[in-house]
Amino acid sequence: MFVELRVPPVGESITEVAVGEWLKAEGDFVRVDEAVVVVETDKVNLDVPSPVAGRITRVCKARGELARVGDVLAEIEPGTAPEAASETAEKAGSGTPPGEPKAATSSANQPRVMPSAARVLALGGLDASAAAATGPGGRVLKEDAVRAVQAKLAPPVPDSAPSGDFRQEERVPMTPLRQTVARRLVEAQQAAALLTTFNEVDMTAVLALRVEHKETFEARYGVKLGFMAFFVKAVVDALRAFPAINAEIRGTDIVYRNYYDIGIAVGGGKGLVVPILRNAERMSFADVEKQIAEYGRRAKDNKLKLAELQGGTFSISNGGVYGSLLSTPIVNPPQSGILGMHAIQDRPMAVQGQVVVRPMMYLALTYDHRLVDGREAVGFLKRIKACIEAPVRLLLEV
């Protein structure tokens with residue numbers, strides 16, 4: 001009697017996933033609730049756990065294949081892993097004393113080849129020894145087999161040969177996340193009247209505050225005092241002053257909001273994701289820094305929850321962490337605006353008739369011109385500039 005491992009429900013309106021990395025292979029034993037395979041959606045990656053303890057007898061979907069919710073991913077034969085008994089029997093039969101390493105045998109050194117990899121190797125006229133195994137437990141995966149066949153068809157370029165003599169192409173399917181990002185970026189450009197306006201801000205005051213209070217802040221809250229907390233607070237203040245930038249168009253109506261859910265763009269393991277700071281107006285500086293740090297850690301491990309990526313009334317993108325000096329961010333529909341932060345650069349500035357060197361940052365606001373006028377966009381950036389250059393405004397709300 002086999003138990004089927006199926007694609008679980010992964011979120012409202014999501015019906016299709018891509019099969020990601022197989023954490024277990026055919027023939028492996030798994031425990032109850034042990035992760036077997038990763039499925040990828042257009043937002044997050046999810047581990048699919050085994051509903052029973054047993055041995056995987058058949059893998060039904062290869063890595064990279066598309067599957068619908070409810071499709072069978074694998075078949076599992078219920079049972080327990082005979083690891084302890086097998087190890088004892090092997091040691092007794094070989095005469096190896098307990099605790100001593102067992103001598104290698106020719107069969108133990110043969111790599112395990114995944115079915116999809118075996119097909120690729122057979123088509124390329126190669127055996128398993130030609131592929132470098134990178135899978136769990138020394139298994140040969142499909143991508144290992146593809147690389148081996150490619151190496152056979154196009155061997156490495158000799159040192160003496162010009163590098164341009166051998167050129168290769170590799171065609172791989174787009175991940176669901178990249179497909180969604182591509183689709184939404186095109187939709188944003190086609191459905192909205194996007195315009196970008198710029199300003200610059202002197203970061204002297206914020207840098208001084210960070211230097212003065214960073215040790216006390218970290219000791220008390222267990223997180224570093226970064227720039228994002230200042231900008232999140234400044235954005236909330238500016239959105240209150242210019243509510244149209246926090247609104248959205250629904251049909252022929254404008255929906256204004258009295259809450260501020262701020263999306264923070266972070267680089268994840270599979271690409272750019274934008275988790276949401278819910279009710280940012282109620283968050284302290286420490287709350288903001290803690291939440292952003294937590295999102296960043298889980299984004300790298302593809303552990304963000306789908307609900308954490310949905311919604312949002314306004315977004316912030318910090319290209320400065322990658323060294324960007326100036327860019328035009330794209331609005332995330334149905335939002336009406338996004339703030340782009342950039343790298344801090346020392347530049348000569350005229351201050352009270354004197355030329356002084358100040359740490360400056362360019363700011364960019366991309367907005368939907370159907371809803372937001374240029375006057376409001378310029379005023380929004382000037383408000384952020386005022387709050388960052390005199391952070392006491394955030395405390396006094398002036």
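**View A. The buried stretch of helix H6.** Met 228, Ala 229, Phe 230, Phe 231, Val 232, Lys 233, Ala 234, Val 235, Val 236, Asp 237, Ala 238 and Leu 239 are the buried residues of H6. That makes 12 of 14, so most of the helix is under cover. Keep in mind that the model shown here is a predicted one.

**View B. Helix H6, end to end.** H6 takes in residues 228-241. With 14 residues at 1.5 Å a residue, the helix should span 20 Å, and its end C-alpha atoms do sit 20 Å apart, so expectation and model agree.

**View C. A four-stranded open sheet.** Going across the sheet, the strands come in the order S1-S8-S6-S3, and the pairing is antiparallel. The edges belong to strand S1 (3-6) and strand S3 (29-30); each has just a single partner strand, so one side of each has no neighbour in the sheet.

**View D. Where S3 meets S6.** S3 and strand S6 (residues 54-59) run antiparallel and are joined by two bridges. Look for Phe 29 here: the residue standing opposite Phe 29 is Arg 55, in S6. As a reminder, strands of a sheet pair through backbone hydrogen bonds.

View E. Leu 325 lies in the loop that runs between strand S18 (314-318) and strand S19 (337-341). How accessible is Leu 325? Its relative accessibility is 35%, so Leu 325 counts as partly exposed.

How values were computed
Residues are numbered from 1 along each chain as its sequence is written. This is a predicted model: local features need pLDDT of at least 70, side-chain atom pairs count only at pLDDT 80 or more; totals for chains, interfaces and linings use all residues. Side-chain values use heavy atoms; hydrogens and water are left out. Buried means under 20% relative accessible area, exposed over 50%, partly exposed in between (1.4 Å probe, protein chains only). Two strands pair if DSSP finds at least two bridges between them. The expected span of a helix is 1.5 Å times one less than its number of residues.
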